[in-house]
Amino acid sequence: MLDLQDIFGQGGPLERALPDFRVRREQLRMAERVAAALEARETLVVEAGTGTGKTFAYLVPALLSGKRVLVSTGTRTLQDQLFAKDLPLVGAALGRPAGVALLKGRANYLCRYRLAVAVGMGEQLAMPAVEPANNRASRAMLNRIARWAATTGSGDLAEVGGLSDSHPVWAQVTSTRETCLGARCQEISRCHVALARRAALDADIVIVNHHLLLADLAVKEDGFGDLLGSADAVILDEAHQIPDLATQFFGASVSSRQIESFLREMQLELRKSQPGGAAGRRQPVSGALADRAHAVEEGLRELRAGGSPVAAGGASRTDWAGGDARFGAAALHLAESLGRLGESLAALGDEAAILQLASRAADLGDSLQRIAATDELEGARAIEVTARGVTLSVLPFDISARFRALIEARRGAWIFTSATLSLGEEFGHFTGRLGIAECPTLSIASPFDHERQSLLYLPERMPDPRSPDYVAAVIDTALPLIEAAGGGAFVLFTSHRALAQGAALVRARWDGATPPQRLFVQGEAPRERLLQEFRQDGNGVLLGTASFWEGVDVKGEALRLVVIEKLPFASPDDPLVRARIEHLNATGANAFRDYQLPEAALALKQGAGRLIRSEDDYGAVVICDPRMVARSYGRVFLAALPPMTVTRDPDEVRRFLRKHAPRRASREMGSP
């Protein structure tokens, strides 16, 4: 039987089966450590630098272990890649095919019950986000989904061409944990979510995403079994996302739109269930139930009135104490009204849909009460007011004990891996937030030769980042470098305001008949389309914010310059950030050292990691923020970055970029 050295070594099955496979000792080292953790059922944290090949380094041991393994990813893209490409390739190369299941969150699957309700309601279908002029198109999409539903095997709405998860019909034909009828549903025998979960329970390896995993871990999906309970091991790729996501799952959030949606669906369901309540015929809700529904509507108006002073400018987020004095009382009053409405619904009988509505009303009321009653030392509460409504939320300050207890209750292996988990090989910030500070860790450096392949440029004489002229100085620094590189550039900003200002400045500087490069700006097209067209262009310039700092893979010459506007400190004006800072300081911690600095350094590590994605990549990272050099904490940021050659000489950077610009770009620049 082949051992891991044979599998990952020269002439091994991976090299024979995969034309792009490269033998890397770093990959073998990770695979051996993961195999040991699987065997010992231990918790392990592995940081594997870009180019390690960490996907194969955990898939091979998982396949060889004979154990039932859950693999969780941070993005659908990686989830689909593992299922459709990586696992079949590795399984075939090893001669160890395994039963593999892909399981997405329930909102990705058609709900047959809700489709029937939507189709049956005819013109009464509730789509508040749809303009009347577009309602016909929405009805056409609904009819297309109904035809597809008769033939689909998986129920995955990704199969429906032209349907995105932002389409107004999507929410009408899918369920959430709150709206699902579970085992009481009349369609349970052919429910796509239930069928997908049953297939997952029979598989050797199940590919999920972090949202689904945390829902199973923190909430338990009633009626569909405990997915984690049947697993021997859980491998979490892109694990740097877990602390923030887990904090959200252990928190609570209620929006006025959720309550409005609940009231709309209650009216539709009651009309449908009453005698004579066929599609399109309005049946009044009367008596005590009507009075209690009206009380909820009044409570919503009261809540909006309490939040309106915060909404200057149309949208804002503030902490709980910064809201109107009436706000807390309004939230508690609304919670009580929802509870009473739930009691009235539960008294109507045992019809599954009505009982589910009663449960939803109670859950919304409980969440509101929890938010209103949270102690200021327990969590950060925020009020977000927009033109569309109000959202109340609470995020706990510390989830470590709860998270640790949940994983300890499942005696399997837990393996966390990502390219950005440590700061200078110190994992304490990551492991401390999850309550796993005592677990073993492993740091594996990238096999790429960053000193040869890349430059880190720290420009001199940049203004203070708070200066009104700062973004203009960033663009003035970036444009000569973009010209030297012939494009192929990301310019990453830390706020949407800076992004808009930067885009306007670039267009103003390029004011002419033909811009030297094609410009891609976040928000002007869907993210995936921007990336696809940027890759295809080869010499484009992409301006983006947070969503382009991580999870973006552009290999080759299409990306050869990354300009970072500012060190990515979270805004202290954000009420959730401010509350966390105040909490840490009040409990004797150092909020800057223990929270703001490590979070920003890990974010910078992600942003800079966009550049070198293969052994053949070359390019420069430019960090415009003068604090990299002027402040003592700059060395923390430097220690977080790959070992790039550092320069402050703009001529050196331009020479390096010209040398490695692709020939087509060089010709377009007029170079020989």
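The legends below describe close-up views of a predicted model.

Residues are numbered from 1 along each chain as its sequence is written. In this predicted model, local features need pLDDT of at least 70, side-chain atom pairs count only at pLDDT 80 or more, and totals for chains, interfaces and linings use all residues, while side-chain values use heavy atoms, with hydrogens and water left out.

**View 1. Confidence along the protein chain.**
The mean pLDDT of the protein chain is 87, and 90% of its residues reach 70 or more. Here pLDDT is the predictor's confidence in each residue, from 0 to 100. Over residues 123-133 the pLDDT is below 50, and this stretch has 22 contacts in the model beyond near neighbours in sequence. A contact means heavy atoms within 4.5 Å. Residues 308-314 also have pLDDT under 50, with twelve contacts beyond four places in sequence. Where pLDDT is low, the predicted coordinates should not be read in detail.

**View 2. The aromatic pair of Phe 416 and Phe 430.**
The structure holds ten aromatic pairs. Rings of Phe, Tyr and Trp (its six-membered ring) pair if their centres lie within 6.5 Å; planes under 30 degrees apart count as stacked, over 60 as edge-to-face and the rest as tilted. The ring centres of Phe 416 and Phe 430 are 6.0 Å apart and the planes stand at 70°, so this pair is edge-to-face. Phe 416 belongs to strand β10 (residues 413-418) and Phe 430 to helix α16 (residues 428-434), and the two are 14 residues apart. Helices (H or I, at least four residues) and strands (E, at least two) are DSSP runs, numbered from the N terminus. Phe 416 has 0% relative accessibility and counts as buried; Phe 430, at 4%, is also buried. Buried means under 20% relative accessible area, exposed over 50%, and partly exposed in between (1.4 Å probe, protein chains only).

**View 3. The ring cluster around Phe 490 and Phe 534.**
Phe 490 and Phe 534 form a tilted pair, with 5.1 Å from centre to centre and 50° between the planes. The pair links strand β13 (residues 489-492), which holds Phe 490, to helix α20 (residues 527-537), which holds Phe 534, across 44 residues. Phe 490 is buried, with a relative accessible area of 0%, and Phe 534 is buried at 0% relative accessibility. Ring pairs join Phe 490, Phe 520, Phe 534 and Phe 548 into a cluster.

**View 4. Arginines over ring faces.**
Arg 527 lies over the face of Phe 548, 5.5 Å from the ring centre. A charge sits over a ring if NZ of Lys or CZ of Arg is within 6 Å of the ring centre and within 35 degrees of the ring normal. Arg 580 lies over the face of Tyr 595, at 5.0 Å from the ring centre. Arg 527 also meets Glu 528 in a salt bridge (2.9 Å, N to O). Arg 527 counts as partly exposed at 27% relative accessibility, and Glu 528 is partly exposed at 45%.

**View 5. Salt bridges of Lys 605 and Lys 54.**
The structure holds 29 salt bridges, each a side-chain nitrogen of Lys or Arg within 4 Å of a carboxyl oxygen of Asp or Glu. In the bridge between Lys 605 and Glu 47, the closest N and O atoms are 2.9 Å apart. Lys 605 lies in helix α22 (residues 591-608) and Glu 47 in strand β1 (residues 43-48), so the pair ties together parts that are 558 residues apart in sequence. Both residues, Lys 605 and Glu 47, are buried. Lys 54 and Asp 237 meet at 2.5 Å, N to O. Lys 54 lies in helix α4 (residues 54-65) and Asp 237 in the loop between β5 (233-236) and α10 (242-250), so this pair ties together parts 183 residues apart in sequence. Lys 54 counts as buried at 18% relative accessibility, and Asp 237 as buried at 0%.

**View 6. Helices α18 and α13.**
Helix α18 (residues 470-485) has 16 residues and reaches 23 Å from its first C-alpha to its last, close to the expected 22 Å. The expected span is 1.5 Å times one less than the number of residues. In α18, 13 of the 16 residues are buried. Helix α13 (residues 327-346) has 20 residues, which should span 28 Å, and its end C-alpha atoms are 29 Å apart, which agrees. The buried residues of α13 include Phe 327, Leu 334, Leu 338 and Leu 345.
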